[in-house]
Amino acid sequence: MRIEVVPTVEEIRFDQISNHVVIVIDVLRASSTIVTALGHGFESVLPVETIGQANSLRTTDCILAGERHCRKIPDFDCNNSPTEIATRNETGKQLILTTTNGTRAIQKAERASALLIGCLLNASACITHALSYNLDITLYCAGTRSEFALEDGLAAGLMITAAQKKNALFQVCDLGEAMKASYLYFAERLGELLPQTTTGRRLMQYHFAKDVQYCAQVDLYRIVPYIKEKRILPHLVS
Ligand SMILES: O=C(O)[C@H](CS(=O)(=O)O)OP(=O)(O)O
Ligand SMILES: [Mg+2]
């Protein structure tokens, strides 16, 4: 088995993932929002690429959430905010989500043999479940506006380290020195570091400090969201 990191949403190689497990990593905030929604009673999450698609799917059994450049989309119920989603009592409803980077990455990875959603909140459960497929693993970092996002790289580093602790026999593809250094140096200081990342700073400017601190928590959930027929459902790792 091999494990590789794709650093930005544009760098996925569609022809290479059909027999891979792909973990879409978007720590700030789409993956964190999806894990949190499924951990707070939502029945499923439907990721869509455009605002028009989201509005066309509106029913009384769903909640529309999303952002463009951190700002809530007009007429939507929520921002792409995990702490806001966690306060809503919408048991059994479907969350329709569109975000700047994360839902785009999900759409691009839909040809994967298995498509999982990962972040710091569910890192160990996510890599544990990914290893169970015995396939090559692609850690697909959503990034921010086509640039590498350090927070996504840190989650990828955490997942690789967790996999190595399981003595998984796999070859870690070249991660690049920056990626390795950033993870090794910052692993114990995620709460301090996330507000300093590009996305973290931007979210702080938009008064989402609570989300940034929340998304820095490691292994809060054993829920591994997975895609089935375009919907995201929860898999619980025991
Ligand atoms: O909503 C977010 O937190 C980010 C906004 S930004 O464009 O990265 O600043 O989008 P996401 O799709 O969750 O990365
Ligand atoms: Mg992001």
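Strands E10 and E11 form a hairpin with two residues between them, and Glu229 in that turn has a positive phi of about 45°. Strands here are DSSP runs of E, at least two residues long, and helices are runs of H or I, at least four, both numbered from the N terminus.

Before I go on: this is a predicted model, in which local features need pLDDT of at least 70 and side-chain atom pairs count only at pLDDT 80 or more, while totals for chains, interfaces and linings use all residues. Residues are numbered from 1 along each chain as its sequence is written, chains are lettered from A and ligands numbered from 1 in the order in which they are written, and side-chain values use heavy atoms, with hydrogens and water left out.

E10 covers residues 223-228 and E11 covers residues 231-236; the two run antiparallel and are joined by six bridges. Two strands count as paired if DSSP finds at least two bridges between them. To pick out one pair, Ile227 has Ile232 in E11 as its bridge partner.

Next, the metal. Which protein atoms are donors to the magnesium ion, ligand 2? They are Asp26, through OD, and Leu28, through O, at 2.0 to 2.1 Å. A donor is an N, O or S atom within 2.8 Å of the metal (3.2 Å for Na, K and Ca); water is not among the atoms, so sites may look incomplete. Asp26 is buried at 3% relative accessibility, and Leu28 is buried at 6%. Buried means under 20% relative accessible area, exposed over 50%, and partly exposed in between, with a 1.4 Å probe and protein chains only.

Leu28 also turns up at the largest cavity. That cavity is lined by 16 residues, and Leu28, Glu67, Cys70, Asn101 and Thr199 lie nearest its centre. A cavity is a set of points, on a 1 Å grid over the protein atoms alone, where a 1.4 Å probe fits but cannot get out; lining residues have an atom within 4 Å of a point. The largest cavity holds about 120 Å³ of space, the volume being the space filled by probe spheres set on the points. Helix H9, residues 198-205, gives the largest share of the lining, three residues.

Last, the cysteines. Cys70 is buried, at 6%.

Note on methods: On a 1 Å grid over the protein atoms alone, a cavity is a set of points where a 1.4 Å probe fits but cannot get out, and a pocket is an open set with protein on both sides within 12 Å along at least five of seven lines; lining residues have an atom within 4 Å of a point.
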